[in-house]
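Subject: Structure handover

Hello,

Here is the structure for your files.

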Amino acid sequence: MAGGPGRPSGHRPRHRRHAITVAVHIGTLHQEPFAVLPWGRSARSRRHTMSVLFVTGTGTEIGKTVTTAAIAAAALARGRSVAVLKPAQTGVTAHETGDAAEVERLAGPVTTLELARFPDPLAPATAALRAGLPPVLPQDIAEAAAKLAASHDLVLVEGAGGLLVRFDADGHTLADAARLAKAPVLVVAQAGLGTLNATALTALALRSYGLDSPGVVIGSWPAAPDLAARCNLTDLPDAAGAPLLGLIPEHSGALAPDAFRAAAPGWLAPALGGSESFRIPS
């Protein structure tokens, strides 16, 4: 379970034995193979450099947590050590299960860390103000990610809501934290009507901050996709300026953990540590 605000749980030594080859997409659709760590650079160049990936969404309740869990499960299946950082958990009380703990339940043995928890289901800045607690600052997030990266192969930083949700009264966002961390940002999007505009706006914001994105994942792919969802499989990469790297089936979070872990690599492209057999439906 999560260790509570400021305390990592489940810390484990990183595994060094297995090299993983993935395809990394930074800025363009060009694919180039790298060892899994770090993103966008050959691990041979810095043997002990770790990887940090931020996970944001085009909105709230669109599958960021289950997507984070799928990436974590795929990495664990390949023998990697994984940490999950939730900078600001909102909408749950001290004794309720947060997103990081849900990732651990689904994916398996990961280190989890929350920096702050606020009970109101609001943007972190507003939730912190209402709770009378200090906000989470971008430098807090970047520093926590760096500390976790020193002892894990992969650090996943799951944001709250969308990319530009405010974390403090000065208007700092997850994008500011990712820029400080010099980390890429994965975008989780909806499947259906309206997602192209939201995805394009998120991609525009990423570019304005000078941030790279490996691609987009659809966080809840319906069992019976409608016309808009099917067309979006082709159109989303154009809207994002980055490839479509995953389709998480709807209700995946309701699977038993063993079933989730077995299936997760098949939902993701190799660029996210997924299966070589991953294909976008035609």
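Two strands count as paired if DSSP finds at least two bridges between them. Please keep in mind that this is a predicted model.

Sheet

Strand 4 (residues 82-90) and strand 5 run parallel and are joined by seven bridges. Within that pairing, Gln89 has Arg117 of strand 5 as its bridge partner. Both strands belong to an open sheet of seven strands, with parallel pairing and the order 5-4-6-3-7-8-9. Strand 5 (111-118) and strand 9 (244-249) are the edge strands, each pairing on one side only. From one strand to the next, the twist averages 20°.

Helices on the sheet

Helix 1 (residues 64-77) lies across strand 3 (51-57), strand 4, strand 6 (154-162), strand 7 (185-189), strand 8 (216-221) and strand 9. Its direction is at about 170° to strand 6. Helix 3 (residues 124-131) lies across strand 4, strand 5 and strand 6, and runs at about 60° to strand 5.

Salt bridges

The count comes to eight salt bridges. The following are among them.

- Glu102 and Arg105: the closest N and O atoms are 2.8 Å apart. Because the two residues are three apart in helix 2 (residues 99-107), about one helical turn separates them. Glu102 is partly exposed, with a relative accessible area of 21%, and Arg105 is partly exposed at 36%.

- Asp120 and Arg130: the side chains meet in a salt bridge at 2.8 Å, N to O. This pair links distant parts of the chain, 10 residues apart, with Asp120 in the loop between strand 5 and helix 3 and Arg130 in helix 3. Asp120 has a relative accessible area of 23% and is partly exposed, whereas Arg130 counts as exposed at 59% relative accessibility.

- Arg179 and Asp176: here the N to O distance is 3.5 Å. Both residues lie in helix 5 (residues 174-181), three residues apart, which is about one turn of the helix. Arg179 counts as partly exposed, with 42% relative accessibility. Asp176 is at 12% relative accessibility and therefore counts as buried, the cut-off being under 20%.

- Lys86, Asp99 and Glu158: these residues are linked in a network of salt bridges.

Regards

Notes. Residues are numbered from 1 along each chain as its sequence is written. This is a predicted model: local features need pLDDT of at least 70, side-chain atom pairs count only at pLDDT 80 or more; totals for chains, interfaces and linings use all residues. Side-chain values use heavy atoms; hydrogens and water are left out. Helices (H or I, at least four residues) and strands (E, at least two) are DSSP runs, numbered from the N terminus. Axes are lines fitted to C-alpha atoms, for helices over the stretch in contact, and angles run from 0 to 180 degrees between N-to-C directions. Contact means heavy atoms within 4.5 Å. A salt bridge is a side-chain nitrogen of Lys or Arg within 4 Å of a carboxyl oxygen of Asp or Glu. Buried means under 20% relative accessible area, exposed over 50%, partly exposed in between (1.4 Å probe, protein chains only).
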